[in-house]
Amino acid sequence: KGSGCLLFLELAGFKDVNDSLGHAGGERVLQLATEALRMRLRESDTLARLGGDEFAVLLDGFGGAAHGAATAERIRAAFGDPFSIGNRSVQVGASIGMAVYPEGGGDAGTMMRTADAAMYAAKRSGQSHTTVKAARR
């Protein structure tokens, strides 16, 4: 077995966007966020929307925790500039959690729980709109 990395992220400020722009505006922000994420990942990486404003990224051919942190930084940068929705400028951020295999869990379920817990720890830390926390089991 090799190593691997799973990133979980939740858009920060998405509820406000949905409340102010409605469902159609919220869906457009999700589309733009997805495009921005894809542009910062390699073709071999996997991006999945988990539901609502939560996403998962599975890094393929993972090169260690430093690579996971560098990818998280590229993802953070994806939300540095606001999105244009019609004639409005919309700013969202992201809370990002990371689980590294095998330290973050020996199976997919444990890795997902570890990355999810790390994402919520990043969200609670409130240091900025975009924070990265790595957690171990």
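D19 is exposed, with a relative accessibility of 54%. In this predicted model, D19 forms a salt bridge with K15, and the closest N and O atoms are 2.9 Å apart. K15 also counts as exposed, at 59% relative accessibility. Both residues belong to helix 1, where they are 4 residues apart, about one turn of the helix. An α-helix has 3.6 residues a turn, so residues three or four places apart point the same way.

## The course of helix 1

Helix 1 covers residues 14-39. A straight helix of 26 residues would span 38 Å at 1.5 Å a residue, yet the end C-alpha atoms of helix 1 are only 20 Å apart. At G22, helix 1 bends by about 130 degrees.

Parts of helix 1 are shielded from the surface. Its buried residues are F14, V17, G25, G26, V29, L30, L32, A33, T34, A36 and L37. The buried residues of this helix pack against strand 1, strand 2 (46-51), strand 3 (54-59), helix 2 (65-77), strand 4 (83-85) and strand 5 (88-90).

## The nonpolar cores

The largest nonpolar core has 28 residues, and those touching the most other members are L7, L9, L11, V29, I75, F79 and F83. Two or more residues come from each of strand 1, helix 1, strand 3, helix 2, strand 4 and strand 6 (93-101). Helix 1 is the greatest contributor to this core, with 8 residues.

L7 illustrates the packing in this region. When its neighbours within four places in sequence are left aside, L7 is in contact with F55, A56, V57, G68, T71, A72, I75, I96, G97 and M98.

E10 is located in strand 1, which comprises residues 4-12. With a relative accessible area of 9%, E10 is buried, because it falls under the 20% limit for that class. Beyond its neighbours within four places in sequence, E10 is in contact with D53, E54, G93, A94, S95, M119, Y120 and K123.

Among these contacts, K123 forms a salt bridge with E10, with 2.5 Å between the closest N and O atoms. K123 lies in helix 3 (residues 108-125) and E10 in strand 1, so this pair ties together parts that are 113 residues apart in sequence. The two partners fall into separate accessibility classes: K123 is partly exposed at 42% relative accessibility, whereas E10 is buried at 9%.

## A salt bridge within helix 2

The count of salt bridges in the model comes to 4. One of them joins R76 to E73, the closest N and O atoms being 2.5 Å apart. R76 and E73 both lie in helix 2, with a separation of 3 residues, about one turn of the helix.

Notes
Residues are numbered from 1 along each chain as its sequence is written. This is a predicted model: local features need pLDDT of at least 70, side-chain atom pairs count only at pLDDT 80 or more; totals for chains, interfaces and linings use all residues. Side-chain values use heavy atoms; hydrogens and water are left out. Buried means under 20% relative accessible area, exposed over 50%, partly exposed in between (1.4 Å probe, protein chains only). Contact means heavy atoms within 4.5 Å. The expected span of a helix is 1.5 Å times one less than its number of residues. The bend at a residue is the angle between axes fitted to the seven residues ending there and the seven starting there. A nonpolar core is a set of buried Ala, Val, Leu, Ile, Met, Phe, Trp, Tyr and Cys residues joined through side-chain atoms within 4.5 Å. A salt bridge is a side-chain nitrogen of Lys or Arg within 4 Å of a carboxyl oxygen of Asp or Glu.
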